[in-house]
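Thanks for coming. I will keep this short and go through one structure, so please have it open.

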Amino acid sequence: MGENAPHIIPSIYLANYLNDFEDIIIKYGMKKKAFKKGEYLTQYGVINNTAYYIKKGIMHLSLGHEQGKKSLNFFGPGTVFPVGVEVHEFRAEYEMMLQVVTDLEAYQIPYPVLKKIVQENGKFAGELLRENCDFIGYMFFDTINQTFEPCLTRICDVLYLYLTKVHPMHQQIPLTQAELASIAGASQAQMERSIKILRKEEILDTSRKRITILNPQKLLAHCTQGMRDNI
């Protein structure tokens, strides 16, 4: 690849693809439901055949496995996830874990209903495809990120996302270091080294179950190019 080859790196936060299609969701008989922060929308060991159209709030996606859990990305208002059209009857070797990050309002859509909506509404189908393509793009990015980006960068990406999207206008982030490590896919040792660097640069401070961002611009400077481009 040439030094000036163009590249687009998706954000770990996807939102606002389907903001204008709530009326269509309602037309097919879907009802809005409220979910509390921390609640799981899927259960480990239970096959999921339901998509969620997010009206308000943020949910987090991770993949569960017998040997642990891998954090992936976040979905905000105007997104539909998971994207499914056929009822699943068999478990995969992994589990799709969806957890509510902030209080959430969402429409639960059975996969067969989502398939019908897509078949009968072209514009909705196009925007859903765009969202899903960006999500797949992020999966490729995550593979490269885990391989080549330093752990410090991944941690800063998550912190800046919380600072700007999950808890905007608040310097204090209600995460423990263990929770942050889990979301960023970092070991405890990697987390401790990264936090030490960020403290030394006066970017953040930590207290019990809380991380305080002292300098958002310095924090952003440590983030991936994709995060800087998409915020």
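This is a predicted model: local features need pLDDT of at least 70, side-chain atom pairs count only at pLDDT 80 or more; totals for chains, interfaces and linings use all residues.

Start with the open sheet of 4 strands, whose order is β2-β8-β3-β6, with antiparallel pairing. At the edges stand β2, residues 32-35, and β6, residues 80-81; each has a single partner strand, so one side of each is without a neighbour in the sheet. The pairing of β6 with β3, residues 50-56, is antiparallel and rests on 2 bridges. If you look at Y52, its bridge partner in β6 is F81. Helix α2, residues 111-120, packs on this sheet and touches β3, β6 and β8. The direction of α2 makes about 85° with that of β8.

The other sheet is also open, with 3 strands in the order β9-β11-β10 and antiparallel pairing. Its edge strands are β9, at 172-173, and β10, at 204-207, each pairing on one side only. Between β9 and β11, residues 210-213, there are 2 bridges. Q172 has T212 as its bridge partner in β11.

Now the salt bridges. How many does the count come to? It comes to 4, and I will describe some of them.

K32 and E105 meet through their side chains, at 3.7 Å from N to O. This pair links distant parts of the chain, as K32 is in strand β2 and E105 in strand β8, 73 residues apart. K32 is partly exposed at 44% relative accessibility, and E105 is partly exposed at 29%.

In helix α3, residues 122-148, R130 and E127 lie 3 residues apart, about one turn of the helix. Their closest N and O atoms are 2.7 Å apart, in a salt bridge. R130 is partly exposed at 41% relative accessibility, and E127 is partly exposed at 23%.

Last, helix α5, residues 177-184. Which of its residues are buried? They are L180, A181, I183 and A184. These cover an arc of only 165° around the axis, which puts them on the same side of α5. After α5 comes G185, with a positive phi near 70°.

That is the end of my part.

Notes
Residues are numbered from 1 along each chain as its sequence is written. Side-chain values use heavy atoms; hydrogens and water are left out. Two strands pair if DSSP finds at least two bridges between them. Buried means under 20% relative accessible area, exposed over 50%, partly exposed in between (1.4 Å probe, protein chains only). The arc is that of the directions from the helix axis to the C-beta atoms. Contact means heavy atoms within 4.5 Å. Axes are lines fitted to C-alpha atoms, for helices over the stretch in contact, and angles run from 0 to 180 degrees between N-to-C directions.
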